[in-house]
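Keep the structure open while reading.

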Amino acid sequence: MDFAYTAAEEQFRLELRKWLETNLPDGWLDGTFKMPEEQVELGRFLRDWQYKLAEGRWAAIAWPEKHGGRGATLMEEIIYHQEMVRVKAPPLVNYVGLYMVGPTLMQIGTPEQQEKYIPKILSGEEVWCQGYSEPNAGSDLAAVKTTAVKDGDKWIINGQKIWTSFAHFADRCFLVARTSKGEKKHAGITCFLLDMNQPGVEVRPIIQMDGDHDFNEVYLNDAVAYDTDIIGQLDDGWRVTIALLMHERTGIGAQVFSLEQQFEGLVELAQTVTEDGTPIIEKADVRKRLLDLYMKSRGSLLNYYRNLTKQLKVGHPGVEGSMDKLFVSEVTKELFAESVSLQGHQGVLWKDDAIFGESYWQKNYLYSFGQTIGGGTSEIQKNTIAERLLGLPKDVGR
Ligand SMILES: Cc1cc2nc3c(=O)[nH]c(=O)nc-3n(C[C@H](O)[C@H](O)[C@H](O)COP(=O)(O)OP(=O)(O)OC[C@H]3O[C@@H](n4cnc5c(N)ncnc54)[C@H](O)[C@@H]3O)c2cc1C
């Protein structure tokens, strides 16, 4: 593909840039804006931001126009990510809805489900979470034990989910449950579009090692769903589960644009930190490590472009998303480890004590470990690439 931008694409960039300048919260661009720390206030702020994006048709530009998107081209999507990263735009509280559930509903959902859920996903009126992992079912997702049992016109759901990101903000959950005991463990699974605002759903926070609260445990005690809440076919939910995962991995791969910007920040850091009065960027070993990271982040970006080009041709994400997810998360981890190491003994300082960037580097270093786990661990991505892209024999024991 041709990576040069046309005049129309540059115009698209300017339109978005102008919209961001007008609509970002006061103080956002000059760095004086302070994010609310209290969870309810934070949730409200993030929902308002998504509503604003949706109003401007900037919430899900790749979606078709009939669903409130712009039917954006591949190049427009790239420009969009670049601009959002450039202004460090507020995070999307309904990331799961916009990048995972919405596209899966368009691919597999019934017209009624699309009509009921998609507009509210776009506006942020209904925030979604993903109820896949359980205490004994993560990489081996088909081992889920949460059950859904038919009782008259209802499904009664019992079990426990874990690591459920944004469940404390969520109104709906894309839930994987066991509806029958098939001969093979991948059979007998069904996906439900579960209402989180009901007495049978209890959300308990898990605090991460950086002190933030992004994910949760979710306890399901006689939670209720209906036939109309089933997405795909009864007992054939594995296919649906995987379709959503493909969208998830491709979405995570788009973090490659943040990686470019983080690399630039790392170079600035190496120019700022000094040793015996000399910026450490002057040291040959530091330059060599920076060059190595530059090649890896550039390689991740080009690979991402290559995979997007294929996606554009076939119309939906493929297994190549595993490559993007693997590279981006591993290079991000390496980059932040380097950023802490460059700071020498000052690298261990935290929050107000940190010398550089209010512990931006330390915080992201701690967070980066989770990025190689969430959305499927690096080992699982490697297995997928080996088996499904390279045609190697199946993982022993599966
Ligand atoms: C930041 C973050 C956000 C998350 N958000 C969500 C969410 O919103 N919803 C949700 O459902 N889940 C979420 N998760 C959970 C995530 O999907 C699981 O943690 C992940 O799939 C791994 O499962 P596990 O933790 O049970 O580890 P395990 O599967 O028990 O794995 C333990 C270790 O064994 C390795 N391993 C396992 N099987 C194999 C194999 N076959 N070959 C080689 N190595 C193997 C793994 O790579 C890992 O190193 C999130 C996790 C994180 C870190």
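A crossing is left-handed if the near helix is turned anticlockwise from the far one by less than a right angle. The model is predicted. By that definition, helix 8 and helix 9 cross in a left-handed way. Helix 6 also passes helix 9 in a left-handed crossing.

| Helix pair | Angle | Axis distance |
|---|---|---|
| Helix 6 (residues 237-253) and helix 9 (residues 321-342) | about 40° | 8 Å |
| Helix 8 (residues 284-314) and helix 9 | roughly 160° | within 10 Å |

Angles over 145 degrees count as roughly antiparallel. Helix 8 and helix 9 are therefore roughly antiparallel to each other. The helix 8 side of their contact includes Val 286, Arg 289, Leu 293 and Tyr 304. From helix 9, Phe 327, Val 331, Leu 335 and Leu 342 are among the residues that take part. By class, this contact has 9 nonpolar, 5 polar and 5 charged residues.

Helix 6 meets helix 9 at about 40°, which makes helix 6 oblique to helix 9. Helix 6 contributes Met 246, Arg 249, Thr 250, Ile 252 and Gly 253. Helix 9 answers with Gly 321, Ser 322, Asp 324, Lys 325 and Val 328. The contact of helix 6 with helix 9 divides into 3 nonpolar, 4 polar and 3 charged residues.

Now the strand. Strand 1 (residues 128-131) pairs with strand 4 (residues 172-178) in the parallel sense, over 4 bridges. Gly 131 stands opposite Leu 175 of strand 4. In a regular strand, side chains alternate between the two faces of the sheet. Trp 128 and Gln 130 point one way from strand 1, and Cys 129 and Gly 131 point the other way. All four are buried.

Note on methods. Residues are numbered from 1 along each chain as its sequence is written. This is a predicted model: local features need pLDDT of at least 70, side-chain atom pairs count only at pLDDT 80 or more; totals for chains, interfaces and linings use all residues. Axes are lines fitted to C-alpha atoms, for helices over the stretch in contact, and angles run from 0 to 180 degrees between N-to-C directions. Helices (H or I, at least four residues) and strands (E, at least two) are DSSP runs, numbered from the N terminus. Angles under 35 degrees count as roughly parallel, over 145 as roughly antiparallel, 65 to 115 as roughly perpendicular and the rest as oblique. Two residues are in contact if their C-beta atoms, placed from the backbone, lie within 7 Å. Ala, Val, Leu, Ile, Met, Phe, Trp, Tyr, Cys and Pro count as nonpolar, Asp, Glu, Lys and Arg as charged, and the others, Gly among them, as polar. A residue is buried if 20 or more other C-beta atoms lie within 10 Å of its own, exposed if 12 or fewer, and partly exposed in between; C-beta atoms are placed from the backbone. Two strands pair if DSSP finds at least two bridges between them.
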